[in-house]
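Please look at the sequence and the three-dimensional structure together before reading on.

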Amino acid sequence: MTALTGGFADPAIQSAQGFRVLMQAMARPGTIHDLALAVPPAPLGRAAGTVALLLADPTTPLHLAQGHDAIRDWLAFHAGCPLVGPDRAALALGRWDDLLPLDRFAIGLPDYPDRSATLIVALDRLEAQGARLTGPGIRDQVSLSLPDIAPFRANRALFPMGLDFILTCGDRIACLPRSTVVEDA
Amino acid sequence: MDPRRKMPAKAPPPNERRDWLSLMARSAPDRLARVLPDLPDHDLLRAPETGNVMVQGRVSATGAPFNIAEMTVTRCSVVLSCGTVGHGHVQGRSRSHARRAAVIDALMQTGAAATLTPQLRAMEAEAQAATTERAAKAAATRVEFFTLQRGEDT
């Protein structure tokens, strides 16, 4: 089959369902949710592809990290988002190592902190163990397997500016907004 | 489509696919159904969906573009069993019409184009004849205004 298959079969319903899951995940940082409504071509995972379709549209410039060239046509057809460099991107999509260094992305302005990038990160593992997360939306604390600690701590120090992360692995997502405090376990 | 995308300043080069897509976009559903009554096997890439498109025009066809009005458009994308992708955008709200246009667009990129092309040509000729007839009827009722010599110049 072509590389264009695997979009939402019922865009209105599935977008609403998926967005609900995404909002819940962002409201409860560090909790793992199932989100696999789209079936993007390899190497993109189902959760990462679904988030991309939920958030990307012609008004959101997206930075596609290297190694994901195979999904350019798929994104263009289903999302219609312009593909840009990291400095102008509202969304970024790729593996963690390919998205580094993070200082290439927009963190917003003191009076417009919303003009920042949201990173959709593909990880090899995503489990409820590892780094300790505290902050808004988290009762006591939660644990989440993060690829690194220091970049998230540096991002928290920029508050209210900074980046928001949507971590994906296969069919699962967990969110890490800029307000979350990350510490070693 | 991105509404900010400007129309090209010069006429684009001849493009057969653009021509048949344009013809099908303006066709009537029952007329296109006579071209291809039975659809071959295909899968939907994008199910038929209806939306609005802002139509742009130019004063005297060469001036600055301006927005005329929004029109209702239904679009659909399909992939044939051979892997060929077809897109259909048609005026109106007929989902089956958009789907048929997408399938014909895909078939026109395959060997089936040889049988479909004469039928589309015939459809184009009919459409052209209808346009000419309507223009002729309108021309018959046309009133020319011109200024006769006015009093103060004499």
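## The fold of chain B

Among the contacts in chain B between residues at least 6 apart in sequence, 53% join residues that are at least 24 apart. The model is a predicted one, and in it chain B contains four helices and three strands, which follow one another along the sequence in the pattern α-α-β-β-β-α-α. Of the 154 residues in chain B, 21% are buried.

## The sheet and its helix

The strands of chain B form an open sheet of three strands in the order β1-β2-β3, with antiparallel pairing. Its edge strands are β1 (42-58) and β3 (85-91) of chain B, each of which pairs on one side only, and the twist from one strand to the next averages 25°.

Strand β2 (residues 65-80) of chain B pairs with β3(B) in the antiparallel sense over seven bridges, and R75(B) is found opposite H89(B), a residue of β3(B). Helix α3 (residues 95-107) of chain B packs on the sheet and touches β1, β2 and β3 of chain B, while the direction of this helix makes about 140° with that of β3(B).

## The nonpolar cores

The largest nonpolar core has 52 residues, and those with the most contacts inside it are V51(A), A52(A), L91(A), A92(A), L119(A) and I120(A). Helix α2 (residues 46-55) of chain A supplies the largest share of this core, namely seven residues. A second, separate core has 20 residues, including L80(B), A98(B), A106(B) and M108(B).

When residues up to four places away in sequence are left out, L119(A) touches A92(A), L99(A), F105(A), L163(A), F165(A) and I166(A).

Terms used:
Residues numbered from 1 in each chain as written. Chains lettered and ligands numbered in written order. Predicted model: local features only at pLDDT ≥ 70, side-chain atom pairs only at ≥ 80, totals over all residues. Core = buried A, V, L, I, M, F, W, Y, C linked by C-beta atoms within 7 Å. Buried ≥ 20, exposed ≤ 12 C-beta atoms within 10 Å, placed from the backbone. Helix = DSSP H or I, 4+ residues; strand = E, 2+ residues; numbered from the N terminus. Contact = placed C-beta atoms within 7 Å. Pairing = 2+ DSSP bridges. Axes fitted to C-alpha atoms, helices over the stretch in contact; angles between N-to-C directions.
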